[in-house]
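Please read these comments with the model open beside you. They are arranged by region.

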Amino acid sequence: MKPGPMKLSILQAGYCTHPEHVVIRGGARKDIRFPAMFALLEHPGRGPMLFDTGYSEHFFSATRTFPYGLYARITPVFLEDSWLASSQLKARGIAAKDIETVFISHFHADHIAALHDFHRAQFVFFASAFEAVRGKKGFAALLKGFLPSLLPQNFAARVKPLNLSQRKALSLRYHPFKLGIDVLGDESLIAVELPGHAAGQMGLFVQTSEQLYFLVADACWLKRSYQENILPRRRAQLIFDDARAYRKTLATINQYYLMHPEVQIIPSHCQETLNHFL
Ligand SMILES: [Zn+2]
């Protein structure tokens, strides 16, 4: 099948602050902003879809109780009503109920905080990403960056997990990523696994009529990280699911960047990258 003319909008729902030197070696000691990106995917044959959701007011209610409040202390969150994913979609003439699919890169709170707002959406993610947080509560959840109350009550009935066994060999334009899932069957969305930061983290290649984009979620935080293959400080790596897998994933994205400089790589929290779309 020929690629469909997918439309991609890169948007932001809130931000948190954190010292730069923690997320990239050699960074400044001052706090910088980490926007919470989400993406709107509009395919002519499907309803509108999202890749992650960014923050929402549900983050604040989810962190009101102990021990979840520690999450909000570590990453102070800034959000206004007009920044919500649902508000921004409304401004574009898209009702929250029209969103038919939300791709979840991984289950950290800054990526799933607005799932409650999309009542009719199905949730697509790598099965291993959910297995890592399923049923976790209290400190066990917090250690995984997971706030259980962010999942809608009927979450289990609305999931469409992807399994690694569904992966097929990818063409040279995706190498060194060799295996992926052609989600819609027309090569407009290719899901690949980017493990390390979180188990089963999903990256998504998005083919629009103009160009190929690669949404890499939290596989790296800044543009310079994948351009120069620079790791975060050890302190930041403590929150990773698997630091070795993180290094391997980052090195592969760095190789991909060097092989395909024309492809726009989009880390979820890189202000410099997002500025390009504002
Ligand atoms: Zn994140």
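Predicted model: local features only at pLDDT ≥ 70, side-chain atom pairs only at ≥ 80, totals over all residues.

1. Zinc donors. Which residues coordinate the zinc ion? The donors are Asp 110 and Asp 218, each through OD, and His 111 and His 269, each through NE2. The coordinating distances run from 2.1 to 2.2 Å. Along the chain, the donors of the zinc ion follow the spacing D-H-x106-D-x50-H. His 111 and His 269 link distant parts of the chain, being 158 residues apart. His 111 belongs to helix H5 (residues 109–112), while His 269 sits in the loop between E12 and helix H11 (271–275).

2. The angles among the 4 donor atoms range from 84 to 161 degrees, and the site is classed as irregular. A tetrahedral label would require all angles to lie between 85 and 135 degrees.

3. His 197. This residue is found in the loop between E9 and E10. With a relative accessible area of 2%, His 197 is buried. Its side chain makes a polar contact with the side chain of Asp 218 at 3.2 Å, and Asp 218 is one of the zinc donors. The side chain of His 197 makes another polar contact, with the side chain of His 106 at 3.4 Å. Leaving aside residues up to four places away in sequence, what else does His 197 touch? Its contacts include His 108, Trp 221, Ile 239, Phe 240, Asp 241 and Tyr 246. Tyr 246 is a buried residue of H10, which is taken up in point 8.

4. The sheet. In what order do the 6 strands of the open sheet lie? The order is E7-E8-E9-E10-E11-E12, with mixed pairing. Strand E7 (168–169) and E12 are the edge strands, and each of them pairs on one side only.

5. E8 and E9. Strand E8 (residues 179–182) pairs with strand E9 (residues 189–193) in the antiparallel sense, over 2 bridges. Ile 181 stands opposite Ala 191 in E9, and Asp 182 stands opposite Ile 190. E9 is mostly covered, with 4 of its 5 residues buried.

6. E10 and its neighbours. E9 and E10 are antiparallel and pair over 5 bridges. Here Leu 189 stands opposite Val 206 in E10, and the bridge partner of Ile 190 is Phe 205. E10 and E11 also run antiparallel, joined by 4 bridges, and form a hairpin with 4 residues between them. In that pairing Leu 204 has Leu 215 in E11 as its bridge partner. Of the 6 residues in E10, 6 are buried. Met 202, Leu 204 and Val 206 lie on one side of the strand, with Gly 203, Phe 205 and Gln 207 on the other, and both faces are covered.

7. Helix H10. H10 (residues 243–259) has 17 residues and spans 24 Å from its first C-alpha to its last, close to the 24 Å expected at 1.5 Å a residue. At its start, a side-chain oxygen of Asp 242 comes to within 3.1 Å of the backbone nitrogen of Arg 244. The buried residues of H10 are Ala 245, Tyr 246, Thr 249, Leu 250, Thr 252, Ile 253, Asn 254 and Tyr 256. Residues three or four places apart in an α-helix point the same way, because there are 3.6 residues a turn. What covers the buried residues of H10? The cover includes strand E10 (202–207), strand E11 (212–217), helix H8 (223–228) and strand E12 (264–267).

8. Phe 66. This residue lies in the loop between helix H2 (57–62) and helix H3 (69–74). Phe 66 counts as exposed, because its relative accessibility is 66% and the cut-off for exposed is over 50%. Phe 66 and Phe 34 are 32 residues apart in sequence, and their C-alpha atoms are 24 Å apart in space.

How values were computed:
Residues numbered from 1 in each chain as written. Heavy atoms only, no water. Expected span 1.5 Å × (residues − 1). Buried < 20%, exposed > 50% of the residue type's maximum accessible area, 1.4 Å probe, protein only. Contact = heavy atoms within 4.5 Å. Polar contact = N/O pair within 3.5 Å; in protein donor to acceptor, adjacent residues only side chain to side chain. Donors = N, O, S within 2.8 Å, 3.2 Å for Na, K, Ca; no water. Tetrahedral: all angles 85-135°; square planar, octahedral: opposite > 155°, others 65-115°. Pairing = 2+ DSSP bridges.
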